[in-house]
Amino acid sequence: MMKAMLSLCLLVAMLHLNALSLTQTDHHTDQPEATDPQEQRSLEVDPLESCQRIIPSITAFAFQFYRQATTQEPDKNIFFSPVSISAALALLALGSRGSSQAQLLEGLAFNLTSIQQEEIHHGFAQLLRLLSRPGSQLQLSMGNTLFMDKHLKPMKTFLKDIKTLYRGKAVSRSFQNSPEAKKEINDYVKNKTCGKINQILEDLDSNTLLVIVNYIYFKAYWENPFNIKGTHKDFFHVTAKTSVEVEMMTRDGFYKAYSDRKLSCEVVQIPYKGDVTAFFILPKKGKMKQLEYALTKNTLSKWDKSLQRWRMELHIPKVSISGTYDLKRILMSLGVTDVFSNRADLSGITGNPEVKVSKATHKALLKIHENGTEAAAASSIDFLPHSAPPIVKFNHPFLLLIIDQYTQSILFMGKVVNPTEK
């Protein structure tokens, strides 16, 4: 018997960094309240300790995913959200059984002999809760919504668990009129990403029973904005033979940095207001592949411990890039195959094993700007001695990691090969 199709629209990720004003409150207003007894018990556990159990795996998965993405498109910009892809896949694992479930969790770099599934799901519950903590000086919202065909009867325990553990909600709709259903899902995504992602679904098969949408929206100010007056035209060397003209931002100030001689790269940490920081990693020309091969959580930890505060003249291009990924292709190369085949067992969602995943998509956008009005930027310039500082110029391909410092989770990761590529 042919399996019905479960269309899994796994992720929408949005990173938006420019000088628009932030509202006074930035915590979630549409998230379910923690009233469930199971959630109440999980809240009594130290949330940071609980989510620290899963962070090493999310970090390892980030680098595995990055390597697959760059292998498939070696000379392209890369940008994605590891924490969101992980959360969406873990939610899918919650509704999977047997080898389908094991492959999903192992694909997420979990060692199932050293961590129990319950710990994984509770870890994500605490991570999502901590990432949406109110009172921060930045906007970070993340959530999961399941659009289900009205003929699909999901298990009550699954609906309860996605609400309790993944801050998720389910919406029942008719998928028979697929253009209308597609528009509703795309409009929902557009709304959740503040109009930045207009279309996550290009088409929707009429056999689809369920679409899982995970979104993340992040907007923040640099702690020390770049002065708009300092932005100037400059060249970015995409390859040894190709250059493009970019808007280059500059700032003379103090930054935590580290020169990694072993990996031939410069690491500069640029903080945002709030508890999030960006790592800009610039390999020497010709050393990008060596750097990519060496990306591990130990390398990241070494950089973090080795940072020292230096005065420098920093040059970073304004960037506006996006990444769109067929997750099915990448996940299958990581050994996650059953959920996409007739061997799929997603009976934890419907009680019926006759369902498989037909589609998995991830889209992420990155915008980097000066982050401030001219006056605000000018008023935050450091008072510096007149001697000329060393110049660090990001004028050829570099890596970027955006990390939530409180949980040590990688929110976004990317490679900027061409800052002007649409």
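These legends go with a set of close-up views of a predicted model. Residues are numbered from 1 along each chain as its sequence is written, and side-chain values use heavy atoms, with hydrogens and water left out. Because this is a predicted model, local features need pLDDT of at least 70 and side-chain atom pairs count only at pLDDT 80 or more, while totals for chains, interfaces and linings use all residues.

**View 1. The protein chain as a whole.** We have 13 helices and 17 strands here, taken as DSSP runs numbered from the N terminus (helices: H or I, at least four residues; strands: E, at least two). Of the 422 residues, 55% are buried (under 20% relative accessible area with a 1.4 Å probe, protein chains only; exposed is over 50%, partly exposed in between). Among contacts (heavy atoms within 4.5 Å) with a separation of 6 or more, 80% link residues 24 or more positions apart.

**View 2. Helix α4 against helix α7.** The axes of α4 (residues 82-94) and α7 (residues 156-166) come within 10 Å and cross at roughly 150°. Axes are lines fitted to C-alpha atoms, for helices over the stretch in contact, and angles run from 0 to 180 degrees between N-to-C directions. On the α4 side, look for A87, A90, L91 and L94; on the α7 side, F158, D161, I162, L165 and Y166. By class, that is eight nonpolar, no polar and one charged residues (Ala, Val, Leu, Ile, Met, Phe, Trp, Tyr, Cys and Pro are nonpolar, Asp, Glu, Lys and Arg charged, and the others, Gly among them, polar).

**View 3. Helix α6 against helix α7.** Here α6 (residues 117-131) packs on α7 at an angle of about 50°, with the axes 8 Å apart. That makes α6 oblique to α7. H121, H122, F124, A125 and L128 of α6 meet T164, L165 and Y166 of α7. The class tally is five nonpolar, three polar and no charged residues.

**View 4. Around S57.** S57 sits in helix α3 (residues 55-72) and is buried, with a relative accessible area of 11%. Leaving aside neighbours within four places in sequence, S57 is in contact with L108, A109 and F110. E106 lies 49 residues from S57 in sequence and 9.5 Å from S57 in space, C-alpha to C-alpha.

**View 5. Two cysteines.** C51 is buried at a relative accessible area of 0%, and C265 also counts as buried, at 2%.

How values were computed: Parallel < 35°, antiparallel > 145°, perpendicular 65-115°, else oblique.
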